[in-house]
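Colleague: Can you walk me through this one? I'd like to start with a helix and then go on to the pockets.

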Amino acid sequence: MNQVASFPAKTAGADDIRAAFDTQLRAQLARRAVFDRKARIAQLDRLAEAVKRNEDKIIAACAADFRKPAEEVKLTEIFPVLQEIRHTKHHLKSWMRPKRARATLGVFGTKARVRPEAKGVCLIIAPWNYPVNLSLGPLVSAIAAGNSAIIKPSEMTPNAAQVITDIVEEAFTPDLVKVIEGDALVSQELLSLPFDHIFFTGSPAIGKVVMEAAAKSLTSVTLELGGKSPTIVGPNANIKKAARNIVWGKFSNNGQTCIAPDHVYVHRDVSAAFKTALQAEIGRVYGKTPEAQKATPDYCRIVNDRHFDRLRNLIEDARAKGASILQGGQTDAGQNFVAPTLISEVSDDMEITQEELFGPILPIIEYVDLDKVIDKINANPKPLALYIFDKSNDFADQIITRTSSGAVGVNLTVVHFLHPNLPFGGVNNSGIGAAHGEYGFKAFSHEKAVLEEKHSITHMLFPPYTGFVRRLINIVVRVLG
């Protein structure tokens, strides 16, 4: 490994995993009647305080794992968790309140309500690219909904995994929240257990494995996956704004972001100006030369050797098949460094057009006919995000209406993740279910229907089916059906 970890990756044993699950299962049954809103908020407060106390450790861990800049850690790892806690505390009373359901004539005389209840013991499998955020963010929703949880952080960021363990052990007892560390074998062991809900963030390929395992216990799932999120720059785009937002969304975290722009379709009329603006923005933010980009503290690194090799091979494959490297392309295996890379003249036979890039490589594709771009997007799996840059509302609305994606950003990228009142999730290959705010609370809740008899006359339709009852049933079917 090129990135030497302060903490070695840990692996839990099968007996420890089963014991942790059984402990939470017993505690969950006893806790249901007493884990009210006040108790849940108290636990969320403990989590918030633990995150704040460990801020320096979080920053140091992410730097050790993949040289993530401190400012990016604060903005993308710490802030989202604290915002989620604050937002949840403010709204939890209304989320937990049973919602009345209006009666129809067919159930006249009854009283109905929908009561959210905890699903039970939940499993959160988190990825390595935003290890703290994507471990503790779903945990906020799980606790708010009244559940217990086992968190499986990624073994690829062992320093962050250790800090997550420290935070959880400071804030919670293991019968409520427990961290289980380990590799894919540990994940398999966890997935063999009958959890009440599984929240997974990762690739579509592993998401299918999780869903298959969950099916054996009929466990509900939330799958936050990914895919190739396209960006369209229209003929009337503000080029400077587009370049600024795309560079930030693409190259933050070294491109290792599930909702980063994967590739850009740019209208031929503005293509030259857009490419120039992108190059200028990369130079302004990260430096004009590979040496400056290596030296800046603001540029992250690829997480490990395997992902570095994958990205280097993508660049070489594109170059060998005729692509033009407009900027970047330089790599350094000693640092897992891949320079911010812009590629044009791409073709369908190149690997960069076929797989999710998940790195600092941005293909730029010129277009004239928007219909062909939309057809291309619709021919591929539905993306987690789609970005549009143009001054025309009609231009944006046309794309939004004619495509399907988890979310759409208009004249911005990535920021929708930070909006607590928006659902965050994909469609089909890019995800199932949604997270954040009330959507996250609902993901970890069962909405229980409660119907109470008050002055109902439905008993008049019960057997024996006398002539009177048959006539009454016929009236009900004709009038109310």
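Modeller: First a term: buried means under 20% relative accessible area, exposed over 50%, and partly exposed in between, with a 1.4 Å probe and protein chains only. Helices (H or I, at least four residues) and strands (E, at least two) are DSSP runs, numbered from the N terminus. This is a predicted model, where local features need pLDDT of at least 70, side-chain atom pairs count only at pLDDT 80 or more, and totals for chains, interfaces and linings use all residues. Residues are numbered from 1 along each chain as its sequence is written, and side-chain values use heavy atoms, leaving out hydrogens and water.

Colleague: How many residues of H6 are buried?

Modeller: 12 of its 14, so H6 is mostly covered given that cut-off. Among them are Pro158, Val163, Ile167 and Ala171.

Colleague: What do they pack against?

Modeller: The buried residues of H6 have contacts (heavy atoms within 4.5 Å) with helices H2 (37-53), H3 (55-66) and H5 (133-144), and with strands S4 (148-152) and S5 (177-179).

Colleague: Which residues are closest to its centre?

Modeller: Phe200, Thr201, Gly202, Ser203 and Ile206, out of 38 lining residues.

Colleague: And which element gives the most to that lining?

Modeller: H8, with six residues.

Definitions and conventions
1 Å grid on protein atoms, 1.4 Å probe; cavity = no way out; pocket = protein on both sides within 12 Å on 5 of 7 lines; lining within 4 Å.
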